[in-house]
Amino acid sequence: MKKLVVFTGAGISAESGLKTFRDANGLWEEYNVMDVASIDAWYRDPQLVLRFYNQRRTQLGQVLPNAAHIALGELEKHFKVMVITQNVDDLHERGGSKNIIHLHGELRKVRSTEHPSLIYDIGYDEIGWGDTCDHGAQLRPHIVWFGEEVPQMEPAISECLDADIFIVIGTSLEVYPAASLVYYVPDHARKFYIDPKATSLSRVNNLTAITKTATEGMKDLMEILRQEYNFESQV
Ligand code: OAD
């Protein structure tokens, strides 16, 4: 099977009802990113940070994967698929994808502030100031904040190095190091970029633009892949 690596951002979950960050009406218009999604914010006002992620987690429990997530799950029948996502939602999992690297962490998980290997899956529940790990230390969201390292970057890079097909979906490619992944994909790989704003960025990174929303763009892409790799699909 050919290896297909998918790199996703907030745009793939927009049609499920989750806001992106930098679009008009996006989350970073409502909040200052450094007030809620940075390690400094956690030290300064942890309760505000907890509230922000509690809201995101509650909302996540109320939305469903969309046709783009589901199409990526479907592609596992025909390709060796690796999803690398900047998203902290679980919509790829619920859409049927099995191999997922969460570069920026996971909303459903929290971890101990003093024993980082103690990670708990709390589903869509809230955590508060005073909620502790088994050793009594405060719990924090299992999120990679601005100002922190991206521990999954190395495994993500090695997945990109031998991709045959590379698909970018719904990301502004503005946040590093995540956005640098596109530069690790071999020249010979087929590269696509599905995003309503794809045209402006695709030339820079040598990606073939599919300038549509995730669900519409995935329909086009499935058709291209079906023709080039000769398989049948219900999606
Ligand atoms: P952005 O908000 O920066 O970009 C969202 C992208 O989604 C834009 O390129 C939009 O054009 C596109 N988009 C909007 N609606 C879409 C749709 N229906 N279908 C497809 N694409 C659509 O979000 P990210 O690139 O994911 O990190 O942001 C990267 C990181 O910045 C996030 O992981 C987060 C944020 O700060 C942290 O919080 C650490």
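Predicted model: local features only at pLDDT ≥ 70, side-chain atom pairs only at ≥ 80, totals over all residues.
**The cores and a surface patch**

The largest nonpolar core has 26 residues, and the members that touch the most others are Trp28, Ala37, Phe52, Tyr53 and Trp145. Several elements supply at least two residues each to this core, namely helices H2 (27–30), H3 (33–36), H4 (39–44) and H5 (46–60), together with strands E4 (105–112) and E6 (139–143). Among these, H5 gives the most, with five residues. Leaving aside residues up to four places away in sequence, alanine 37 touches Trp28, Tyr53, Trp145 and Phe146.

**Helix H10**

Helix H10 covers residues 214–229, and its 16 residues should span 22 Å at 1.5 Å a residue, which agrees with the 21 Å between its end C-alpha atoms. The buried residues of H10 are Ala214, Thr215, Gly217, Met218, Leu221, Met222, Leu225 and Arg226. After H10 comes asparagine 230, which has a positive phi, near 60 degrees.

**Salt bridges**

The structure holds 16 salt bridges, and three of them are listed here with the distance between nitrogen and oxygen.

| Pair | N to O distance |
|---|---|
| Glutamate 30 and lysine 19 | 3.3 Å |
| Lysine 77 and glutamate 74 | 3.0 Å |
| Glutamate 228 and arginine 190 | 2.6 Å |

Because glutamate 30 lies in helix H2 and lysine 19 in the loop between H1 and H2, their pair ties together parts that are 11 residues apart in sequence. In the second pair, lysine 77 is exposed, with a relative accessible area of 56%, whereas glutamate 74 is buried, at 12%. The pair of glutamate 228 in helix H10 and arginine 190 in strand E8 links distant parts of the chain, 38 residues apart. Glutamate 228 is partly exposed, with a relative accessible area of 41%, and arginine 190 also counts as partly exposed, at 30%. Elsewhere, Asp90, Arg94, Arg108 and Asp121 are linked in a network of salt bridges.

Technical notes:
Residues numbered from 1 in each chain as written. Heavy atoms only, no water. Core = buried A, V, L, I, M, F, W, Y, C linked by side-chain atoms within 4.5 Å. Buried < 20%, exposed > 50% of the residue type's maximum accessible area, 1.4 Å probe, protein only. Helix = DSSP H or I, 4+ residues; strand = E, 2+ residues; numbered from the N terminus. Contact = heavy atoms within 4.5 Å. Expected span 1.5 Å × (residues − 1). Salt bridge = Lys/Arg side-chain N within 4 Å of Asp/Glu carboxyl O.
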